Amino acid sequence: MTQAVGRARAHTNIALIKYWGKRDKDLFLPMNSSLSLTLDAFYTDTKVVFDDNLTEDRFSLNGKLQSEKEISKISRFLDLFREYKDESRFARVESLNFVPTAAGLASSASAFAALALATATALELELSPEELSTFARRGSGSSTRSLFGGFVEWDKGTCSADSMARPVDDASWDIGMIILAVNTGQKKIASRVGMEHTVATSSFYQAWVDTAAEDLENIKKAIALRDFETLGKITEHNGMKMHATTLSANPPFTYFSAKSLEAQEAVRTIREELGISAYMTMDAGPNVKVLCRQSDMERLVRALQDYLPAEKIIPSLPGKDAFVLTEEEWQASLATFTGEPR
Ligand code: 2P0
């Protein structure tokens, strides 16, 4: 019996310059480059065991065996590594998502980043984290950025080999983010479906691509200068432009719910009346994410409590690079996991 084992942790990330649209669906090549902030409060731990006793791949998430459909996604992803390394063994994959249920954050970014690092570790692949991000990308675009901590750019590249993530700045300078988990339980339009429909039908789509490139250049300058105000303003503007493309799709749709608009209004009011710098962004769901200074976070959380229940306000600091876990750390993770997403 031979086994090859790898374990890893990766944190989720929130895009400040959004990835919205693919130019190649099979290779997950994006229309535009994007930039995100990795968050330390939300992460996925994954263990992969390649084992020649297995006759098929297995996948459990949060202690529950997953359906054929979920397993086939994982198998296709593992095939990329098996082909690269000429590996024939099947694998057992166990993942734990440490994301509060209320946060309603998509976990595909941290999930595929953790799986990519765990698999590369098990198979002893000699890949840089940038190269590994080109594998992660094929599971879910946003997972490229979860291999790194702090501010991370995903360069759209020219082909599969160079469409990769790179660290921009470790964000160790008074940066924080607060998730406003308004979670209305409304029917979701998966981001993959939403972006495809938008690319195909939105009359604003080309303007999105053109201006996202400009936003990316400007936000990188703001990060280099540690200019929080400019960083926040570009973030808010870019996010709203992404959502404008959904409203201009045909038929139109939106990820905004009434509760999202209320939360947005609360952020604007606090910014104007209390003078606290806070800028919002949203993804393919109703929750609002607020970029702020770490030093303002306590005051901002208190102010937000006038508008939202305390349990819906979830602060986070910037997260670190994805990293390899030891068996002891994996066991500790299993022991603290309650069996349901926290
Ligand atoms: C982002 N989103 O940059 C953007 C902004 C949602 C809105 O990346 O099809 O789950 O797996 O590549 O990565 C969510 O899209 O999509 C996303 P796929 P993914 O974070």
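**Salt bridges and a pocket**

Biologist: Arg166 and Asp155 meet in a salt bridge, so to speak, but what is the N to O distance?
Modeller: Quick background: this is a predicted model, where local features need pLDDT of at least 70 and side-chain atom pairs count only at pLDDT 80 or more, while totals for chains, interfaces and linings use all residues. Residues are numbered from 1 along each chain as its sequence is written, and side-chain values use heavy atoms, leaving out hydrogens and water. A salt bridge here is a side-chain nitrogen of Lys or Arg within 4 Å of a carboxyl oxygen of Asp or Glu. The side chains of Arg166 and Asp155 make one, with an N to O distance of 3.4 Å.

Biologist: How many residues apart in sequence are the parts that this pair ties together?
Modeller: Arg166 sits in strand β9 (residues 165–169), and Asp155 is in the loop between β8 (151–154) and β9. Strands (E, at least two residues) and helices (H or I, at least four) are DSSP runs, numbered from the N terminus. So the pair ties together parts whose separation in sequence is eleven residues.

Biologist: Glu327 and Arg7 also meet in a salt bridge; how many residues apart are they?
Modeller: Their side chains meet at 2.7 Å, N to O. Glu327 belongs to helix α9 (residues 327–336) and Arg7 to strand β1 (residues 3–17), so this pair links distant parts of the chain, with a separation of 320 residues.

Biologist: Is Arg7 buried or exposed?
Modeller: Buried means under 20% relative accessible area, exposed means over 50%, and partly exposed is in between (1.4 Å probe, protein chains only). Glu327 has 24%, so that residue is partly exposed. Arg7 has 17% relative accessibility, so Arg7 counts as buried.

Biologist: Which residue is linked with Arg7 and Glu327 in a network of salt bridges?
Modeller: Side chains of opposite charge can pair when their charged atoms come close. In this network, Arg7 and Glu327 are linked with Lys47.

Biologist: Which helix gives the largest share of the lining of the second largest pocket?
Modeller: A pocket is an open set of points on a 1 Å grid over the protein atoms alone, where a 1.4 Å probe fits, with protein on both sides within 12 Å along at least five of seven lines; lining residues have an atom within 4 Å of a point. The lining includes Arg192, Val193 and Met195. Five of the lining residues, the largest share, come from helix α4.
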